[in-house]
Amino acid sequence: MMRMLGPWIFRFDTRIYLQETACPSDCDRAVAAIIGKNPGSAMPTEADCLARLNLDDPNHGRLPRTVRRCFLSAYERAGISPRAGDFIQSWNLFYLTDPDLKAAKLSIEEMERYHTLPTCSSEQTIPPIVWFAWGRPEKEKLAKYATRFLQHGIQNPFYFCMSSKRIVANVPALHDGAKHTQGLPVEPVVSHLADILKMRQFDMSHSQASTPDHACTIR
C-alpha cells in the first residue's frame, strides 16, 4: 500500500504471497513476518489501497524472492502445502521507500522535524513466525526504530547470526548482527523453518485430536 506524506513516499502492508494471488484481500493470512531496514523502490500500481506489487521484478531487490523461495522450500521439506491467501508480512524499521539506506536515513531525520514517523498497522498482529533480518540497528543508529519490535511476545523468533554463522532461535539484541537476505546461506533458514512448520502442524493435529466431540466454539 503506497501512501504520500508531503514529498515522501511510504509503502505499508507489503506482502510476499506463497501462491499467485490476483487480488490481495484483508481476509488473507499472514503466516510469518520478516523485519528488514526499509523498503526498496518497488511501487504498487495504485495508492492508498491494497494493490499488486511485482516482487519478481529484479529492479525491486532480492529480499522478496529470497524469502518466498525459503518458505516454499521449507513447506515442501515439511510435507505441508501453504493455503491460498497465505503470505509473509514484510516489516521494516521505517517505511520510507528509498533503496539507498544512507539517503533514506537523511530523509527520515528531516521528516521527523515536522511529523511523527508512521509505522505499519499490520505490526499490531504478530504472526507465529518472525524472521529478523535488520542487520545491526544499534551500529547503524537505527536502534530507536527497532525497539518497538522487542516489546511483543513472539512464538517463533529467529535470525541468522552474522558472527556465529548460524540460526539463533531468539529475538536479537540491538547490537547483534541479524543478517539481511543479501548473501544469506539459505539452507540453514530452510531447515529451521521446516522444523517450525512440522512442529506447528503436529501441535495443531494433537490439539484437534484432543478436543472432545461435544466441544463448541464460543463467539
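**Helix H1 and beyond**

Helix H1 covers residues 63-78, and at 1.5 Å a residue its 16 residues should span 22 Å, which agrees with its end C-alpha atoms being 22 Å apart. The expected span here is 1.5 Å times one less than the number of residues. Helices (H or I, at least four residues) and strands (E, at least two) are DSSP runs, numbered from the N terminus.

Please keep in mind that this is a predicted model, where local features need pLDDT of at least 70, side-chain atom pairs count only at pLDDT 80 or more, and totals for chains, interfaces and linings use all residues. Residues are numbered from 1 along each chain as its sequence is written, and side-chain values use heavy atoms, with hydrogens and water left out.

Back on H1, the buried residues include Leu-63, Val-67, Phe-71 and Tyr-75. Buried means under 20% relative accessible area, exposed over 50% and partly exposed in between (1.4 Å probe, protein chains only). After H1 comes Gly-79, with a positive phi near 75 degrees.

Now look at the loop between helix H2 (101-111) and strand S6 (129-132), where Ser-122 is found. Ser-122 is buried, at a relative accessible area of 14%. Leaving aside residues up to four places away in sequence, Ser-122 touches Asp-13, Gln-89 and Trp-91 (contact means heavy atoms within 4.5 Å). Gln-124 lies in the loop between H2 and S6 too, but Gln-124 is exposed, with a relative accessible area of 60%.

Stepping back, the protein has four helices and eight strands, and 46% of its 219 residues count as buried.
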